[in-house]
Amino acid sequence: MTMNRINKENYYLDIAQTVLERGTCLRRNFGAIIVKNDQIISSGYTGAPRGRQNCIDIGRCTREVLQIPRGERYELCRSVHAEANAIIHAARNDMLGSTLYLVGKEVNTGEYVKNTCSCSMCKRLIINAGISNVVVRIDKTNFKIIDVNDWVKEDESLIGKKGY
């Protein structure tokens, strides 16, 4: 008897996708989990800081109202990103050499976010946390693996690159 077993990447991406269901953004929601030695260290989703109202509670997204393009002007966003929330809830020693799994979905369509990649602020947090790889879901079964060292070498802040 043969057993069809899901690969490790999609297993953890499925868990991150479940986490994103807690997201409170009206634009796009993300779920992230940090895994080291096959143990989930932490999870995070897109949502306002503790004690503040979420976009779903106030019924608007400031960035959407102002028609701000994806990947720009995050200082106007009410949410803490999924990657940041996952990092906040873990000890750095636990994250050294770990992998962050990231899934994003568009709120209006339920489709996976195309060209998902961490924003420049989250990249900096991931680098400083000591995370080695980021695995991003492309669709239900496909994903890409990003070596965080590439983000160290390719510093977008030096060339003024916007978006993600």
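Let's start with one residue pair. Alanine 32 has its bridge partner in S2, and that partner is glycine 44. This is a predicted model, by the way.

Strand S1, residues 28–36, runs antiparallel to S2, and the two share 6 bridges.

Now zoom out to the sheet. What is the strand order? It reads S2-S1-S3-S4-S5, an open sheet of 5 strands with mixed pairing. S2 and S5 are the edge strands, each pairing on one side only. From one strand to the next, the twist averages 20 degrees.

S4 covers residues 133–137 and S5 covers residues 143–147. They pair antiparallel, over 5 bridges. Valine 136 sits opposite lysine 144 in S5.

How confident is the predictor? Mean pLDDT for the protein is 92. Of its residues, 96% reach 70 or more. Among the elements, S4 has the highest mean, 98. Helix H3, residues 62–65, has the lowest, 88.

Two elements give two or more residues to its lining: strand S2, residues 39–45, and helix H4, residues 82–88. S2 supplies the largest share, 3 residues. So much for the elements; now the residues themselves.

Which residues lie nearest the centre of the largest pocket? Tyr45, Gly47, Ala48, Arg50 and Asn85, out of 16 lining residues. By class, the lining has 8 polar, 5 nonpolar and 3 charged residues.

One more residue: valine 80. Where does valine 80 lie? In the loop between H3 and H4. Leaving aside residues up to four places away in sequence, valine 80 touches Tyr45, Thr46, Gly47, Pro49, Asn85 and Ile88.

One distance to go with that. Valine 80 and methionine 95 are 15 residues apart in sequence. In space, C-alpha to C-alpha, they are 19 Å apart.

To recap. The sheet is open and mixed, with S2 and S5 at the edges. S2 also gives the largest share of the lining of the largest pocket. And valine 80, in the loop between H3 and H4, touches Tyr45, Gly47 and Asn85, among others. That's it from me.

Terms used:
Residues numbered from 1 in each chain as written. Predicted model: local features only at pLDDT ≥ 70, side-chain atom pairs only at ≥ 80, totals over all residues. Heavy atoms only, no water. 1 Å grid on protein atoms, 1.4 Å probe; cavity = no way out; pocket = protein on both sides within 12 Å on 5 of 7 lines; lining within 4 Å. Helix = DSSP H or I, 4+ residues; strand = E, 2+ residues; numbered from the N terminus. Nonpolar A, V, L, I, M, F, W, Y, C, P; charged D, E, K, R; others polar. Pairing = 2+ DSSP bridges. Axes fitted to C-alpha atoms, helices over the stretch in contact; angles between N-to-C directions. pLDDT = per-residue confidence, 0-100. Contact = heavy atoms within 4.5 Å.
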